Amino acid sequence: MPRKERSPVKIGLFAMGSGRTNVMSVIKAFASNAERLGFASLWVPEHVVLLEKYASRYPYSEDGALPARTDAPIPDPFLSLCAMASATEKIRLATGICLVPEHNPLVLAKVVATLDWLSNGRVTLGVGIGWLQEEFTAIGIPWENRARRTRECIEAMRRLWGDDISSYRGEFVKFEGVRSNPKPIRGADLPVVFGGESGPALRRVAEYGNGWFGFNLLPDEAAAKIRKLGELMKTNGRKLLRCGNRRLAFRQTDRR
(Lines give C-alpha, C1' and ligand atoms only; values in the text may rest on other atoms or scores of the structure.)
Protein backbone atom coordinates (compact mmCIF):
# COMPACT_ATOMS: atom_id res chain seq x y z
CA MET A 1 0.00 0.00 0.00
CA PRO A 2 1.54 3.35 -0.97
CA ARG A 3 2.52 5.54 1.92
CA LYS A 4 0.23 8.51 2.43
CA GLU A 5 2.08 11.78 2.12
CA ARG A 6 1.77 14.26 4.95
CA SER A 7 0.90 17.88 4.35
CA PRO A 8 3.95 20.15 4.54
CA VAL A 9 4.50 22.06 7.75
CA LYS A 10 3.49 25.72 7.46
CA ILE A 11 5.55 28.23 9.39
CA GLY A 12 4.40 31.68 10.43
CA LEU A 13 6.35 34.67 11.71
CA PHE A 14 5.53 36.85 14.69
CA ALA A 15 6.20 40.42 13.59
CA MET A 16 6.25 43.89 15.17
CA GLY A 17 7.21 47.26 13.76
CA SER A 18 10.05 48.96 15.56
CA GLY A 19 12.46 51.85 15.28
CA ARG A 20 11.92 55.57 14.88
CA THR A 21 12.48 56.17 11.16
CA ASN A 22 11.54 54.40 7.94
CA VAL A 23 9.29 52.03 9.90
CA MET A 24 6.86 51.62 6.97
CA SER A 25 9.70 50.60 4.66
CA VAL A 26 10.97 48.08 7.21
CA ILE A 27 7.50 46.55 7.73
CA LYS A 28 6.86 46.21 4.00
CA ALA A 29 10.33 44.78 3.33
CA PHE A 30 9.91 42.30 6.18
CA ALA A 31 6.55 41.15 4.82
CA SER A 32 7.61 40.87 1.19
CA ASN A 33 10.73 38.89 2.10
CA ALA A 34 8.74 36.58 4.38
CA GLU A 35 6.45 35.82 1.45
CA ARG A 36 9.38 35.35 -0.93
CA LEU A 37 11.00 32.88 1.48
CA GLY A 38 7.82 30.78 1.68
CA PHE A 39 6.46 31.64 5.12
CA ALA A 40 2.75 30.93 5.43
CA SER A 41 1.59 33.73 7.72
CA LEU A 42 2.47 36.92 9.56
CA TRP A 43 1.19 37.51 13.10
CA VAL A 44 1.08 40.81 14.99
CA PRO A 45 0.10 41.50 18.63
CA GLU A 46 -2.18 44.06 20.23
CA HIS A 47 -2.02 46.19 23.35
CA VAL A 48 -3.66 49.59 23.40
CA VAL A 49 -1.59 50.61 26.43
CA LEU A 50 0.99 49.03 28.71
CA LEU A 51 1.46 49.90 32.37
CA GLU A 52 4.71 50.81 34.06
CA LYS A 53 3.47 49.00 37.18
CA TYR A 54 0.86 46.25 37.21
CA ALA A 55 -0.29 43.41 39.44
CA SER A 56 -1.69 41.20 36.66
CA ARG A 57 0.34 38.11 35.78
CA TYR A 58 1.48 37.49 32.22
CA PRO A 59 0.57 33.82 31.67
CA TYR A 60 3.54 32.83 29.50
CA SER A 61 6.48 33.65 31.75
CA GLU A 62 7.63 32.04 34.98
CA ASP A 63 7.78 35.32 36.90
CA GLY A 64 4.46 36.61 35.56
CA ALA A 65 6.06 39.66 33.93
CA LEU A 66 5.65 40.64 30.29
CA PRO A 67 9.02 39.90 28.61
CA ALA A 68 9.16 43.27 26.88
CA ARG A 69 9.92 46.85 27.82
CA THR A 70 6.84 48.86 28.64
CA ASP A 71 8.02 51.62 26.27
CA ALA A 72 8.37 49.17 23.36
CA PRO A 73 6.32 50.24 20.31
CA ILE A 74 3.25 48.04 19.82
CA PRO A 75 1.55 49.53 16.76
CA ASP A 76 -2.11 48.98 15.96
CA PRO A 77 -2.24 45.45 14.49
CA PHE A 78 -4.68 46.23 11.69
CA LEU A 79 -2.71 49.21 10.42
CA SER A 80 0.44 47.09 10.50
CA LEU A 81 -1.24 44.23 8.65
CA CYS A 82 -2.61 46.63 6.06
CA ALA A 83 0.94 47.83 5.38
CA MET A 84 2.06 44.20 5.08
CA ALA A 85 -0.85 43.43 2.76
CA SER A 86 0.22 46.24 0.43
CA ALA A 87 3.63 44.60 -0.04
CA THR A 88 2.44 40.99 -0.48
CA GLU A 89 -0.02 38.90 -2.47
CA LYS A 90 -0.38 35.45 -0.87
CA ILE A 91 0.89 35.29 2.70
CA ARG A 92 -1.84 35.12 5.37
CA LEU A 93 -2.25 38.04 7.77
CA ALA A 94 -3.21 37.34 11.37
CA THR A 95 -3.60 39.00 14.73
CA GLY A 96 -1.76 37.25 17.49
CA ILE A 97 -3.83 38.24 19.29
CA CYS A 98 -6.61 40.83 18.99
CA LEU A 99 -8.07 41.76 22.38
CA VAL A 100 -11.66 41.49 21.18
CA PRO A 101 -13.43 42.47 24.46
CA GLU A 102 -11.66 45.85 24.36
CA HIS A 103 -13.41 46.71 21.08
CA ASN A 104 -16.82 47.80 19.93
CA PRO A 105 -17.80 44.74 17.82
CA LEU A 106 -19.45 46.75 15.04
CA VAL A 107 -16.36 48.90 14.60
CA LEU A 108 -14.03 45.88 14.84
CA ALA A 109 -16.13 43.93 12.34
CA LYS A 110 -15.72 46.79 9.83
CA VAL A 111 -11.95 47.00 10.38
CA VAL A 112 -11.42 43.23 10.01
CA ALA A 113 -13.71 43.00 6.97
CA THR A 114 -12.01 45.94 5.27
CA LEU A 115 -8.55 44.44 5.80
CA ASP A 116 -9.74 41.10 4.43
CA TRP A 117 -11.43 42.80 1.47
CA LEU A 118 -8.31 44.84 0.65
CA SER A 119 -6.01 41.80 0.99
CA ASN A 120 -8.22 39.54 -1.15
CA GLY A 121 -9.30 37.23 1.67
CA ARG A 122 -6.03 36.66 3.52
CA VAL A 123 -7.05 37.58 7.08
CA THR A 124 -7.23 35.30 10.11
CA LEU A 125 -8.58 36.88 13.28
CA GLY A 126 -6.56 35.58 16.21
CA VAL A 127 -8.45 36.28 19.42
CA GLY A 128 -7.68 36.55 23.12
CA ILE A 129 -9.70 37.79 26.08
CA GLY A 130 -6.79 39.62 27.73
CA TRP A 131 -4.56 39.15 30.77
CA LEU A 132 -3.71 42.75 31.75
CA GLN A 133 -6.54 43.99 33.96
CA GLU A 134 -4.94 47.40 34.34
CA GLU A 135 -5.18 47.92 30.57
CA PHE A 136 -8.94 47.28 30.64
CA THR A 137 -9.27 49.73 33.54
CA ALA A 138 -7.34 52.43 31.66
CA ILE A 139 -9.55 52.02 28.59
CA GLY A 140 -12.71 51.97 30.69
CA ILE A 141 -13.80 48.43 29.77
CA PRO A 142 -15.11 46.15 32.57
CA TRP A 143 -12.73 43.29 33.33
CA GLU A 144 -15.45 40.98 34.59
CA ASN A 145 -17.42 38.85 32.12
CA ARG A 146 -14.91 39.55 29.35
CA ALA A 147 -15.12 35.92 28.21
CA ARG A 148 -18.89 36.15 27.71
CA ARG A 149 -18.50 39.51 26.05
CA THR A 150 -15.90 38.03 23.67
CA ARG A 151 -18.31 35.30 22.62
CA GLU A 152 -21.07 37.81 21.92
CA CYS A 153 -18.67 39.99 19.95
CA ILE A 154 -17.62 37.07 17.74
CA GLU A 155 -21.22 35.98 17.20
CA ALA A 156 -22.26 39.54 16.36
CA MET A 157 -19.34 40.06 13.96
CA ARG A 158 -20.19 36.86 12.12
CA ARG A 159 -23.71 38.20 11.65
CA LEU A 160 -22.31 41.45 10.29
CA TRP A 161 -19.92 39.60 7.98
CA GLY A 162 -22.50 37.15 6.66
CA ASP A 163 -25.91 38.83 6.63
CA ASP A 164 -27.05 41.46 4.17
CA ILE A 165 -29.06 43.09 6.97
CA SER A 166 -27.85 42.13 10.44
CA SER A 167 -29.46 42.01 13.87
CA TYR A 168 -28.13 40.75 17.20
CA ARG A 169 -29.48 40.88 20.73
CA GLY A 170 -27.31 39.73 23.60
CA GLU A 171 -26.33 40.73 27.10
CA PHE A 172 -23.55 43.09 25.98
CA VAL A 173 -24.14 43.61 22.25
CA LYS A 174 -27.42 44.78 20.71
CA PHE A 175 -28.27 46.13 17.27
CA GLU A 176 -31.15 45.81 14.86
CA GLY A 177 -31.44 45.98 11.06
CA VAL A 178 -27.98 47.31 10.18
CA ARG A 179 -25.90 47.00 7.04
CA SER A 180 -22.14 46.55 7.29
CA ASN A 181 -20.07 46.60 4.11
CA PRO A 182 -17.68 45.59 2.70
CA LYS A 183 -17.93 41.93 3.68
CA PRO A 184 -14.93 39.63 4.14
CA ILE A 185 -14.21 37.58 1.02
CA ARG A 186 -15.50 34.44 2.78
CA GLY A 187 -18.23 36.28 4.64
CA ALA A 188 -19.01 34.80 8.05
CA ASP A 189 -16.47 32.01 7.39
CA LEU A 190 -13.52 34.32 7.96
CA PRO A 191 -11.31 32.19 10.27
CA VAL A 192 -11.42 33.03 13.97
CA VAL A 193 -8.68 31.27 15.96
CA PHE A 194 -8.08 31.47 19.69
CA GLY A 195 -4.90 31.76 21.68
CA GLY A 196 -4.56 30.57 25.27
CA GLU A 197 -3.81 27.20 26.84
CA SER A 198 -6.05 27.06 29.90
CA GLY A 199 -9.11 24.83 30.11
CA PRO A 200 -11.51 27.73 29.42
CA ALA A 201 -9.39 28.86 26.44
CA LEU A 202 -9.53 25.41 24.85
CA ARG A 203 -13.27 25.20 25.51
CA ARG A 204 -13.74 28.45 23.60
CA VAL A 205 -12.03 26.88 20.60
CA ALA A 206 -14.12 23.72 20.85
CA GLU A 207 -17.40 25.60 21.19
CA TYR A 208 -17.15 28.34 18.55
CA GLY A 209 -13.62 28.79 17.20
CA ASN A 210 -12.15 27.83 13.82
CA GLY A 211 -8.71 27.02 15.18
CA TRP A 212 -6.19 27.33 18.00
CA PHE A 213 -2.60 28.41 18.37
CA GLY A 214 -0.28 27.93 21.29
CA PHE A 215 2.65 30.03 22.44
CA ASN A 216 6.12 28.92 23.53
CA LEU A 217 5.18 25.23 23.45
CA LEU A 218 7.43 22.29 22.75
CA PRO A 219 6.05 19.66 20.33
CA ASP A 220 4.98 17.20 23.05
CA GLU A 221 3.28 20.01 24.99
CA ALA A 222 1.40 21.11 21.89
CA ALA A 223 0.40 17.49 21.19
CA ALA A 224 -1.15 17.18 24.65
CA LYS A 225 -3.18 20.36 24.10
CA ILE A 226 -4.37 19.07 20.73
CA ARG A 227 -5.49 15.77 22.25
CA LYS A 228 -7.46 17.66 24.88
CA LEU A 229 -8.90 19.90 22.23
CA GLY A 230 -9.98 16.86 20.21
CA GLU A 231 -11.87 15.54 23.23
CA LEU A 232 -13.60 18.87 23.76
CA MET A 233 -14.49 19.13 20.08
CA LYS A 234 -16.09 15.68 20.18
CA THR A 235 -18.12 16.68 23.25
CA ASN A 236 -19.42 19.65 21.27
CA GLY A 237 -20.32 17.52 18.24
CA ARG A 238 -17.48 18.90 16.13
CA LYS A 239 -14.51 17.28 14.43
CA LEU A 240 -10.90 18.30 14.75
CA LEU A 241 -9.63 18.78 11.20
CA ARG A 242 -6.21 19.72 9.88
CA CYS A 243 -7.55 21.82 7.02
CA GLY A 244 -10.60 23.83 6.03
CA ASN A 245 -12.60 26.13 8.28
CA ARG A 246 -11.51 24.34 11.47
CA ARG A 247 -7.83 24.13 10.68
CA LEU A 248 -5.46 24.27 13.62
CA ALA A 249 -3.13 27.24 13.52
CA PHE A 250 0.06 27.23 15.56
CA ARG A 251 2.51 29.91 16.54
CA GLN A 252 5.49 28.52 18.40
CA THR A 253 8.73 30.10 19.56
CA ASP A 254 12.00 28.47 20.53
CA ARG A 255 12.36 27.90 24.26
CA ARG A 256 15.85 28.86 25.31
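**A tour of salt bridges and a helix pair**

The model contains 5 salt bridges, each being a side-chain nitrogen of Lys or Arg within 4 Å of a carboxyl oxygen of Asp or Glu. The model is predicted, with local features needing pLDDT of at least 70 and side-chain atom pairs pLDDT 80 or more, while totals for chains, interfaces and linings use all residues. Residues are numbered from 1 along each chain as its sequence is written, and side-chain values use heavy atoms, leaving out hydrogens and water.

Select Arg148 and Glu171 to begin: their closest N and O atoms are 2.9 Å apart in a salt bridge. Arg148 lies in helix α5 (residues 146–162) and Glu171 in the loop between β6 (166–169) and β7 (174–178), so this pair ties together parts 23 residues apart in sequence. Helices (H or I, at least four residues) and strands (E, at least two) are DSSP runs, numbered from the N terminus.

Next, select Arg179 and Asp164, whose side chains meet in a salt bridge (2.9 Å, N to O). Arg179 is in the loop between β7 and β8 (192–194) and Asp164 in the loop between α5 and β6, so parts 15 residues apart in sequence are tied together.

Return to α5 for Arg151 and Glu155, which lie 4 residues apart, about one turn of the helix. Their salt bridge has its closest N and O atoms 3.3 Å apart.

Finally, display helix α6 (residues 199–208) with helix α7 (residues 219–235): their axes come within 9 Å and cross at roughly 50 degrees. Axes are lines fitted to C-alpha atoms, for helices over the stretch in contact, and angles run from 0 to 180 degrees between N-to-C directions. Contact (heavy atoms within 4.5 Å) is made by Leu202, Arg203, Val205 and Ala206 of α6 and Lys225, Lys228, Leu229, Leu232 and Met233 of α7.
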